[in-house]
Amino acid sequence: MQIISVQFLALSIITLAVYYLLARKAQNIWLLLVSYFFYATFGRQYALVLFAVTIINFFIGRLVTSRAWLALGIGLNLSSFLALKLLSGPYGPRLLPNSVDVLTLLLPIGFSFYILQAISYLVDVHNKTAEPSDSLVDFALYLGYFPKLLSGPIERSADFLSKLQTSRHVDASTLARGLGLILLGLVRKVILSDRLSSFLPPTVFSEPSAFSALEKLIWLLVFTFSLYNDFAGYTSIVRGLSALMGIELSPNFRQPFFANSFSDFWTRWHISLSFWLRDYIFFPARRWLMQKRSPRQLAVILPPLITMFASGFWHGAYVSVMVWGGLQGLLLIAEQWFGSSHQTSRIRNVFSALAVFSIFTLTLIPFAASSLRAAIEYFTGLFAFTAQITSYIPLPDLMAAGIISLWIDWQESRHAADAFFMKWTPSAQAWGLVGVLWLLILFFSPQMGVVTFVYQGF
């Protein structure tokens, strides 16, 4: 059952209708049942894997004050995560040949997201920054809550469990904000991301030699904006849906293309993963090196490099994706080593943001490419200075999508709110609603369908 589908709309309406009639504890049980039903529509075996992960971490969490139990819990989660990534990567057929059923069982969608939540739960309980859950229902909902199950956000147990333990009140303002975020997410996904991706030639990243330098530049920009709006759209939709139930989910994007440094960029792009990597890999690695009185150079170089390699591996056990992670680490190291400029001039900030956006876009080449060879060929081909157009490029459509995407980000930045429309005048809100509904009707039809969210593959 895809997020953008008539079936999911019906499930959401039924869920909310029953949810509003129940008391808090019954609401949690109801949401858990709905979450497992939703997950089982992708495969009943996926629900079994989630249940097993939940049971194991729930009981280890009650014993995790011991270092031995913490090591066991992290070891079990990490080993299953490593197996998932290796089997889903290019090594899967070699490691598990002719075992399609087993491979399907071991590769549940959303696993990469909820396994990180399980690890952070054990670490936080061990460090006494979170209390062990005494409710299996609440803990199971923490890992399996259906709006965030497939692609996050990656929530922290202390925040999320506390929301489950208090009564939720949904007023008219909350309903308006939630519905508005859903519509905004649909704009990002259906009108921007899916439309942009529909123009991308299927072989542009696998066979880049067939395209000119100008074409490769254009399609790289199209891929960047499509990827961003796909994931930002998913986050907006599920945050809006969760808001309708009075449960606030963490933001995942905050105008990343306005960042004027790479460290600033990673506080704006996939925020919940970036902060998870920071708190559970970067900070511990740096503290360990400092405690060992390692040379300053190592304390500067190793933590960001290890962290971003881990980010690359989280996205996929492919050489090209690992290279993408390594490049992000090197950029952070260079920025820290040579010092990033913190200019107050608006003009300088604009140029810094353009530089960060341009370099990040170039680093997406190995992320998008089918292989490291194709990535190198794509990158070097950008500087071949060939400008002929051999494929159809609908520039007006592409430019309009880019302008709309940046305008949404500008509105979010200007009003310092993801639900920026809540600060508009009533007449502006009414016209905005009419415009969005008209665009959705214009660009979406059942025959066209909707492309699966990119991050469901991680």
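Me: What counts as a salt bridge here?

Reply: A salt bridge is a side-chain nitrogen of Lys or Arg within 4 Å of a carboxyl oxygen of Asp or Glu. The model is predicted, and by this rule the count comes to 13 salt bridges. R177, R239, E248 and D418 are linked in a network of such bridges.

Me: What makes the pair R239 and E248 a salt bridge?

Reply: The side chains of R239 and E248 come to 2.9 Å, N to O. The cut-off is 4 Å, so the pair qualifies.

Me: Why is R239 called buried, and why is E248 called partly exposed?

Reply: R239 has a relative accessibility of 8%. Buried means under 20%, so R239 is buried. For E248 the relative accessible area is 31%. That value falls between 20% and 50%, therefore E248 is partly exposed.

Me: What does R177 contact, and where is R177 found?

Reply: R177 is found in helix α11, residues 172-199. Leaving aside residues up to four places away in sequence, R177 touches R239, A243, E248, D418, A419, F421 and M422.

Me: How do you know that the side chains of R177 and E248 make a polar contact?

Reply: The distance between the two side chains is 3.0 Å. A polar contact needs a pair of N or O atoms within 3.5 Å, so R177 and E248 meet the distance limit.

Me: Why does the pair E377 and R373 count as a salt bridge, and where do the two residues lie?

Reply: The closest N and O atoms of E377 and R373 are 2.7 Å apart. With a limit of 4 Å, the pair therefore counts. Both residues lie in helix α18, residues 372-381. They are 4 residues apart, about one turn of the helix.

Me: Are E377 and R373 buried, partly exposed or exposed, and why?

Reply: E377 has a relative accessible area of 25%, between 20% and 50%, so E377 is partly exposed. R373 is at 52%, over 50%, so R373 counts as exposed.

Me: What joins K189 and D194, and are the two buried or exposed?

Reply: A salt bridge joins the side chains of K189 and D194, at 2.9 Å from N to O. K189 is buried, and so is D194.

Me: Why is α7 called oblique to α8?

Reply: The axes of helix α7 (residues 111-126) and helix α8 (residues 136-144) come within 8 Å and cross at roughly 135°. Roughly perpendicular ends at 115 degrees and roughly antiparallel begins over 145, so α7 is oblique to α8. The contact is made by Y114, Q117, A118, S120 and Y121 of α7 and by F139, Y142 and L143 of α8. By class, this contact has 6 nonpolar, 2 polar and no charged residues.

Me: What sets Q255 and H270 apart in their phi values?

Reply: Most residues other than glycine have a negative phi. Phi of Q255 is near 45°, a positive value. H270 has a positive phi of about 45° and is not a glycine. Q255 is found in the loop between α12 (213-243) and α13 (262-265), while H270 is in the loop between α13 and α14 (271-291).

Me: Why do Q255 and H270 count as buried?

Reply: Relative accessibility is 8% for Q255 and 2% for H270. The limit is 20%, so Q255 is buried, and so is H270.

Me: What is the peptide bond from G152 to P153, cis or trans?

Reply: The bond is cis, with omega near 10°. Most peptide bonds are trans. P153 lies in the loop between α9 (146-149) and α10 (157-164).

Key. Residues numbered from 1 in each chain as written. Predicted model: local features only at pLDDT ≥ 70, side-chain atom pairs only at ≥ 80, totals over all residues. Heavy atoms only, no water. Axes fitted to C-alpha atoms, helices over the stretch in contact; angles between N-to-C directions. Parallel < 35°, antiparallel > 145°, perpendicular 65-115°, else oblique. Contact = heavy atoms within 4.5 Å. Nonpolar A, V, L, I, M, F, W, Y, C, P; charged D, E, K, R; others polar. Polar contact = N/O pair within 3.5 Å; in protein donor to acceptor, adjacent residues only side chain to side chain. Buried < 20%, exposed > 50% of the residue type's maximum accessible area, 1.4 Å probe, protein only.
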